Each structure stands twice: as C-alpha cells, then as structure tokens.
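User: I have a model open and want to learn how to read its packing. Can you take me through it?

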Amino acid sequence: MNRALRRISIAVLVMFVLLLINVNYLQGFETASLASEPGNSRAFYATQNQYERGSIITSDDVTIAASKPSASANDSIKYQRYYPYGPQYAPVTGYDTLYSQTGIEAAENSLLSGNDSSLDVRKFIDLITGKSTKGATVQVTINSKAQAAAYSALAAGGKPGAVVAIDPSSGKILAMASYPSYNPDVLATHDGKQLVTVDNQLLADKSQPLLNRALEGAYPPGSTFKIVTSSALLTQNPGITINTNVASPNQLTLPQTNNLLINNDGESCVSGTGQAPLITAFAQSCNTTFGKIGMDLGASALSAMATKFGMNNQNLTVPLTVAQSNYTIPPSLALTAYSAIGQYDDTVTPLQEAMFSAAIANGGTLMKPYLVQQVTASDLSTVTSTTPSVLSQPVSSSVASEVGKMMLAVVQDPGGTGYAFNASVEGVQIAGKTGTAETGVNNAGLDDAAFTCFAPYANPKIAVGVIIQGGGYGATAAAPIAVQVIKAYLGNQ
Amino acid sequence: MSSITAPSPAVDPDNPLVPGGRSRRRTELIMLVFAFALVLFAFANVGFSLKGTLPSGTAEYLGAFIVIVLAAHLAMRRFAPWADPLLLPLAALLNGLGIVMMYRLGAQVNPATGNPQVSASATGIQILFSAIGIGCFVAVLALVREPRVLQRYTYTLGAIGVLLLALPAVPGMPGSEVNGAKIQISFGSLITVQPEEFAKLALAISFAGYLVAKRDVLALAGRRVLGVDLPRARDLGPILMVWAISLLLLVFESDIGTSAVFMGLFVAMLYIATSRTSWLLLGFVMFVLGAFAASKLVGHVGERFTVWLHPFAGNNPEGIAYQPVQALYGMASGGLLGKGLGGGQPYITPLVQSDMVISAFGEELGLAGVMAILLIYGLMVQRGLRTAMLVKDPFSKLLAGGLSFMLALQVFVIVGGVTRLIPLTGITTPFLSQGGSSLVGSWILIALLARLSDTARRPPPRSIQEEGLTQVVTLK
C-alpha cells in the first residue's frame with residue numbers, strides 16, 4: 001500500500017504545483033491585462049481613489065468642485081467630492097460618481113485623479129519628501145460673476161434654456177449655464193444604491209436636468225442666422241453695402257409652392273414700399289428680405305458660410321464634446337428661403353449662438369472656444385495651459401465691421417427688434433441679433449427665443465448666446481438674460 | 001526497532017523501546033504561539049488600515065480564539081499525546097485568518113450596496129463555529145481512542161453518509177439554493193446546515209472499512225486491454241454505485257464540486273487499497289463521461305464550462321461570469337504583494353466570504369499570501385500522507401490516505417476553480433470560508449488525522465518484565 005500512497009503523494013504534489021504555477025501566472029503576469037479589462041471596476045476604483053482628487057476652480061479662483069475626507073470611517077472611499085455651487089456650475093464641472101464622470105470631471109479625469117503620466121515626476125518627488133500626493137487643480141475660464149448672473153437669470157425665467165458667454169478675442173468661455181440643472185452633490189454619494197435611485201430619478205425627469213443644453217442642446221437659430229446670410233451676401237457681393245437698398249416685399253411667394261413667406265405676424269417690413277436699406281431690414285429682421293437673399297445666394301453659399309462660423313463641425317470640443325450645429329442643404333429653393341432665416345433644418349447650440357457674435361466682434365476671426373485655462377499640480381507648478389487658437393476666419397474684417405454695424409442697429413436703432421435694451425447697461429453699447437424660431441410639427445410648438453450679442457460695441461469683451469425653449473420672442477425672453485450676463489461681467493472688470 | 005542492540009542517539013537510553021521518544025507537544029505549543037502572533041498581526045493590520053487604530057474587539061475576539069485553540073491543544077496532550085505536532089497549529093492559523101477576513105469584510109461598507117459584505121456579527125459567529133468545531137475535535141479525540149473501532153461502523157457510516165448527501169434533494173426539505181446548487185437544509189431561519197460536509201467524512205471512513213475488507217478481491221486482474229489489466233466485471237459493483245451517487249449529486253443537487261471530490265476520494269482509496277492503476281483510469285474516464293453528459297443535461301453544469309472557457313467574452317462579465325471574473329480581477333489587482341489587509345476591494349466579488357474567499361486573500365495578501373496559504377494546506381496534506389505511510393494497520397492507512405487526499409482535492413477544486421485552472425464549482429475552502437458546517441467538518445477531519453497520527457507515532461508498549469521472559473504488556 002505504501003507504493004500506492006507514494007504515488008498518490010506525487011499526484012497531490014502535482015496538484016499543488018499546478019495551483020502554485022497558476023496563481024503565479026495570474027498574479028504575476030496577468031495583472032496588467034486584467035486591470036485593463038473593460039468590466040474591471042476595481043481598476044477604476046483604484047485609480048479614482050488612489051489620491052485626493054484635485055479641485056476645479058474658476059478663472060477668478062472660486063472653488064466649484066473639491067474633495068474632503070469622507071465622513072464615515074467605514075467608507076471604502078477616502079475622499080468625498082462636493083460641489084459648493086451645485087446646479088449653477090453643473091454644466092461645467094459635470095459629476096464624479098462611484099462609476100463614471102461627465103463634464104470637466106470626465107475631460108480632465110486623469111489629471112484630477114492624479115493618475116496622468118505628466119504628474120509622474122511630481123508624484124515621485126512627493127514620495128521622497130513624504131508629502132501625500134493630490135490630483136491636479138483644474139482652472140476653468142469661467143468668470144464667477146457672469147456664471148452666477150447667467151444661471152440666476154435662467155432660473156428666474158423658469159423656462160428650459162442655456163446661456164454661453166465667450167471672450168471674443170481669445171475664445172475663453174466666460175459663462176456656461178443650463179436650466180433646469182441638477183446638483184452634482186447628490187450624485188457624489190458613496191452609497192451605490194442611493195446613487196442608482198437618484199440617477200434614475202434624474203434620467204426619468206421630463207425636464208432633462210442632466211442635459212447640458214449649452215453644448216448638447218440643438219435648437220433652431222431663427223433670425224439670428226441672418227448674421228450668416230448677411231455675411232455671405234456681403235462677402236460674395238463687394239458692391240453691396242449695408243446701405244444698399246434690397247427687396248423687402250410684404251410677402252414672398254416661394255417658387256414651386258403655394259406657400260408665402262411672411263414677416264412676423266404678417267406685418268409689412270420697414271416702410272412697406274418693397275425696398276429697404278439692408279441695415280434697416282436687418283435691424284427689423286425682415287424675413288422676406290433675407291429669404292430672397294438666401295434664394296439668390298443659393299444653399300451652398302449659405303452652407304459654406306455657416307460652416308466657417310463653426311456649424312457642421314462634429315469634432316468641436318472645449319474639451320467637453322459639443323453637439324454639431326447643422327446647416328443642411330435644402331432640397332428645394334423654397335426651403336432654402338426658410339433656411340436663410342434660420343428655419344427648415346437649421347439647428348444651433350447656445351455655444352454656436354455665442355460664436356456668431358464672437359466672430360463678428362473679433363474682426364471676423366473666430367477663436368476656438370475653450371473651457372480649461374490651466375492645470376496646476378499640487379506643488380503649484382503648471383502642468384498644462386491653453387493658448388488661444390484660431391478656429392476659422394468666416395469673414396474679412398471689413399465685412400465683420402459692416403455686420404457689426406447692423407447688429408448695433410438692432411439694439412440702437414429705434415425700429416430695431418432689440419431697441420428695448422439700447423441703454424440697458426450704463427455706458428455700454430450692445431450689438432446683437434434677436435431670433436424667434438418656430439418649432440414643432442406645423443409650427444405647433446411654442447416659439448424658441450434666441451439672442452446673440454457682443455459688448456461693448458467699440459471694444460468687444462464678451463459675446464453672449466442665449467436660447468430659451470418655448471420662450472417666445474427673442475427680444476423678450478432671451479435678450480434680457482444676455483444683458484444680465486454682460487452687466488455682471490463688464491461691471492466686474 | 002532493530003536498534004535495541006545498537007541504540008542510535010535518537011533513542012532514549014532510559015527507555016530503549018520508545019523510538020524517537022518525544023511526543024512533540026511542546027513543539028506544537030510553540031507553533032501555536034506563532035499562529036496566534038500571525039493572527040494578531042493580521043487583526044492589527046486590518047484595524048490600522050481601515051480605521052487607523054487597533055480594532056475595538058481585538059482583545060475579545062483574539063482572546064476567545066486563543067482560549068478555544070489552547071483547549072484543543074490540552075485535549076491533544078490528554079487524548080492524543082503522540083499526534084503530529086503540525087496539524088493543530090496549521091489548522092488554527094487558517095481558522096484564525098478566516099476569522100480575520102470575516103472581521104475585515106464586516107468592517108467596510110460595499111459602496112454598491114451601502115452595506116458591508118457580511119454583517120458585523122459575522123466575526124463572532126465564525127468564532128462561535130470555531131468553538132463548536134474544536135468541541136467536535138475534542139469529542140472525536142476523546143471518543144475514538146483507537147481508529148480501528150471505526151471499522152466496525154463501515155456500513156452504518158456508509159448509510160449515514162448517503163442519507164446526508166441525499167437530504168437536501170428530498171422534495172419538501174426546507175433549504176435554499178446556493179448559486180444554483182441545492183446543498184443546504186434549514187432549521188428555522190437562522191441555522192442552515194450543509195450535510196455534505198459531514199457526509200464526506202462518514203463516507204471516507206466507510207470506504208476505508210469496505211475496501212480493507214474487499215481489497216484482495218478488487219485487486220484481482222480481469223481482461224487485459226491495451227497493456228492495462230482491467231478489473232473483473234463482477235467487481236465493478238462498488239465503483240458503479242459510487243459513480244451513480246456522484247452523478248445523482250450532479251443531477252439533483254447540481255453540486256459538481258462535491259461530486260468530483262467524492263468520486264476522486266473513492267478512486268484514490270481504491271487505488272491505495274489495490275495498487276491497481278486500472279481503477280484510477282476507469283474512475284477518471286467514468287467521471288469525465290458522467291460530467292460531460294451532465295453538462296449537456298443540466299444547464300447549471302454546462303454554464304460552468306462556458307464561463308471557464310470564455311469568462312470575458314461578450315456580455316458575460318455582467319451576466320453569468322460576473323462572480324468568477326470579479327474574483328480574477330481581485331486577485332490580479334493584488335499582484336505580488338497585495339493591497340494589504342483592508343486595502344483592497346474584495347467586497348466587489350459576490351459571496352467573497354464563502355466560496356471565493358481565496359480571492360480576497362489574493363487581493364489583499366497578494367501572490368505571496370496565496371502561496372503561503374497553499375503551502376499551509378500542502379503541509380497539512382503532507383502530514384496526513386506521512387501518517388498514512390507510518391501507520392501500520394491497513395484500515396488506518398487507507399483512512400489517513402483518503403482523508404489527506406480529500407483535503408488536497410478540495411483545495412485543488414476550489415482554489416483551482418477560483419483561479420480558473422479548472423471550471424469553478426462552489427465548494428468551501430477548508431477553515432477559511434464563512435460557514436459552520438465546513439468549519440466543523442474540517443475540524444473533525446483534523447481530529448481524525450490527529451488520532452491516526454497518534455496511533456502511528458505512539459511507541460510500542462513498554463515491557464514491564466525482563467526481556468527473554470514472556471512479556472505482559474499494558475494496552476492503553
């Protein structure tokens with residue numbers, strides 16, 4: 001029996017050796033490949049919670065996201081993320097949950113969490129000096145006064161919409177608010193069950209609080225698109241000036257249809273003579289004038305100009321992903337007329353709305369909008385900082401100056417659609433364009449209100465785009481919000 | 001024993017008939033102190049890692065643990081003074097580490113559920129079951145003074161074993177499914193028992209008794225096929241019966257792990273008894289055929305194979321392979337040295353406290369810790385096999401060999417399953433897993449091995465008269 005026992009012993013030895021080889025393989029050689037498996041939440045947790053997560057601060061050093069030690073000692077995650085301003089900055093910061101991130105929290109995750117390879121040298125120094133490593137601090141371009149004004153103005157209006165403000169000369173995003181919003185604090189909970197409950201509530205909410213309308217919402221631009229149509233006209237026809245008389249009929253019969261294009265509420269535009277200077281037609285937002293101009297120019301010319309203003313770009317990031325603003329070439333001349341006044345299939349994001357004005361304000365040069373100013377390591381050294389860059393040159397500086405004059409007329413000319421705001425900010429001239437877009441099937445929905453503007457006219461420092469869903473007239477619902485933001489920002493300078 | 005005329009230095013000159021002459025109980029005590037120190041260190045490690053201080057209950061938990069293990073040591077001194085000195089310290093160390101892991105899992109909230117993986121009382125309950133297990137250990141040592149008495153109960157224990165195995169499958173029996181396997185029966189809402197943990201001990205004894213009686217017949221060669229002497233067809237009865245039982249286990253309780261352990265235990269004992277390789281081949285082929293058929297017939301079994309072969313394929317990680325894949329992630333995240341006790345996230349793996357407990361150790365103690373634990377098991381098995389070699393009578397030899405092999409097989413099946421060496425089948429990890437039945441069963445197994453090794457190492461009775469005369473001996 002001992003011979004058999006010896007053989008059994010050898011079999012047992014082989015079994016244990018196999019186990020030992022297998023664990024060596026698993027824990028010695030497969031660690032990297034298993035850590036990078038997509039379903040491995042351990043690796044996610046480990047990288048997310050290895051270091052104290054860095055803060056997010058505004059350009060004027062207001063902390064809008066930060067981490068503190070977790071309240072409970074039983075907590076498996078050492079730091080609790082919190083957002084001092086809650087919903088106001090939610091479109092900027094996004095959230096950082098147990099499982100995922102959005103917004104700047106996602107876009108700058110590797111630097112905030114401290115795992116980015118560019119932090120390696122500093123981490124090594126921390127290791128030697130015995131300091132605890134912290135993730136990098138991300139400074140965004142947002143101005144806290146402009147942001148507060150934008151959010152409170154949206155909230156006061158109570159309708160879904162968004163505001164984006166840009167510095168025209170650099171592309172810095174000065175404000176980015178969306179309403180209704182959500183409080184990222186409730187998603188920062190370490191209780192997975194509560195997180196799922198809250199997340200489901202937010203997802204089921206019909207008002208779509210999680211949607212960052214400023215970048216992801218796409219709405220018809222309405223008459224604000226006339227900036228593009230005018231730019232195309234003035235660029236293509238150097239003979240035409242803003243004082244040239246253009247056709248301004250009361251009704252425009254559209255080719256191959258029985259449809260009539262009319263002005264707002266069917267009223268006659270300008271004098272009713274059928275002719276008007278371009279600047280007056282722009283200031284009073286005559287649909288018939290620009291519908292005809294659009295048909296004369298052709299859809300491909302409009303499309304080319306819209307694209308130069310930043311539309312039809314599916315790769316724009318700030319670094320948050322920006323939804324594409326669309327100008328689709330219409331299948332008929334009649335629909336081209338609609339597309340020239342920002343209807344048909346035209347859609348823009350509130351950011352795009354601000355970019356229209358920013359390009360005009362900056363002498364025709366459109367700067368690439370950006371949200372991250374600089375990233376600072378925990379030792380206060382700069383890791384990265386953003387240098388402004390040109391996105392495109394939609395129009396020449398002379399055309400930009402002409403379009404700018406027309407936008408000034410919208411607010412300063414007594415007949416202009418935005419005349420109500422001619423003296424809304426003391427000592428500052430605002431130049432803008434209103435838009436009221438029909439929505440829904442057979443235009444059954446409430447009109448969307450849009451407004452794009454820049455200020456001060458002589459020395460532009462801020463360009464603002466506002467879209468309010470179902471707000472009605474652009475001048476009534478959207479423009480006052482833009483004025484609030486301008487007031488807050490310029491008063492702050 | 002030929003050294004009477006020429007005593008070697010190892011022989012006590014005052015007591016020449018006692019080979020070795022040392023019971024090694026003091027060695028056992030010193031090794032136990034090592035085990036206590038390791039468990040204390042592990043406790044402190046968890047506490048400092050999770051809360052920055054020594055855990056509040058350390059003194060009570062550790063005190064209780066030390067007291068019950070010392071009780072076992074005293075029982076060894078009293079009832080089995082010649083038993084192997086390593087068995088008790090090795091078992092105590094594993095048991096202690098299991099208690100620490102229960103404490104660790106109960107002290108940290110799983111963010112996904114908002115609760116700890118096990119309740120805070122799990123540590124106390126594990127200690128309570130350790131006490132019951134060691135109580136059974138002492139009882140076995142006290143009641144079974146001579147292993148051969150067990151041979152008398154060959155058929156009784158066999159019947160009890162089969163009955164215990166069949167119990168959870170009885171229709172209407174209160175119980176619950178664990179991961180698709182039906183292996184528990186419940187008494188009330190609090191107490192659940194896994195009868196198989198005791199059935200396998202009863203059957204091991206029964207097999208030993210039966211095979212000792214029949215081994216000469218079973219060793220007879222029948223037809224010779226491909227150079228292998230097959231057993232005679234008329235002797236196939238016993239192996240067919242055990243095979244049938246193991247297949248019934250598969251089909252009615254979906255318990256592929258225990259089924260493999262039973263079949264392996266019987267075949268190994270059959271081989272030890274007869275030294276016939278043909279039995280090994282026959283048993284292996286029969287089991288593989290049976291398991292293959294079962295995998296086609298029983299969905300639960302086939303699923304295990306799919307998960308084993310393609311754990312990461314498709315949407316498996318969210319579905320049926322979630323648990324084994326999480327265990328693999330856990331072990332991989334531990335790497336060579338582990339995250340340290342309290343530093344990992346073992347709570348992500350479902351049921352990490354029972355079947356997958358080795359992955360928690362892998363995550364927090366790393367490759368080094370898992371290898372150490374495997375070597376502890378290996379050493380335990382080695383002590384058991386050594387006992388089998390030393391012990392004289394065939395029944396004890398068979399029983400010691402069978403029990404040791406069963407322990408090895410159980411570790412192989414569960415650790416191999418968790419680490420994806422073989423398909424994962426849910427059986428408990430001896431001494432480490434949460435659960436009373438497994439802990440008590442494991443302690444009884446150690447008690448039997450201790451009793452056997454005591455018999456093996458016990459010196460022959462001392463002569464009380466001059467040599468050359470007819471000797472009168474006292475039998476204990």
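This is a predicted model: local features need pLDDT of at least 70, side-chain atom pairs count only at pLDDT 80 or more; totals for chains, interfaces and linings use all residues.

User: How many residues of chain A are in contact with chain B?
Analyst: Contact means C-beta atoms, placed from the backbone, within 7 Å. Here 42 residues of chain A are in contact with 48 residues of chain B.

User: Which helix gives the largest share of the side of chain A that touches chain B?
Analyst: Helices are DSSP runs (H or I, at least four residues), numbered from the N terminus. H1(A) gives the largest share, 18 residues. H1 spans 2-29.

User: How do I describe two packed helices?
Analyst: Use the angle between their axes and the distance between the axes. Axes are lines fitted to C-alpha atoms over the stretch in contact, with angles from 0 to 180 degrees between N-to-C directions. The axes of H1(A) and H13(B), residues 394-418, come within 10 Å and cross at roughly 20°. The two helices are therefore roughly parallel (angles under 35 degrees).

User: Which residues of H1(A) make the contact?
Analyst: Leu5(A), Ile8(A), Val12(A), Met15(A), Leu19(A) and Asn22(A). Phe405(B) and Phe412(B) are among their partners in H13(B).

How values were computed:
Residues are numbered from 1 along each chain as its sequence is written. Chains are lettered from A and ligands numbered from 1 in the order in which they are written. Two residues are in contact if their C-beta atoms, placed from the backbone, lie within 7 Å. Angles under 35 degrees count as roughly parallel, over 145 as roughly antiparallel, 65 to 115 as roughly perpendicular and the rest as oblique.
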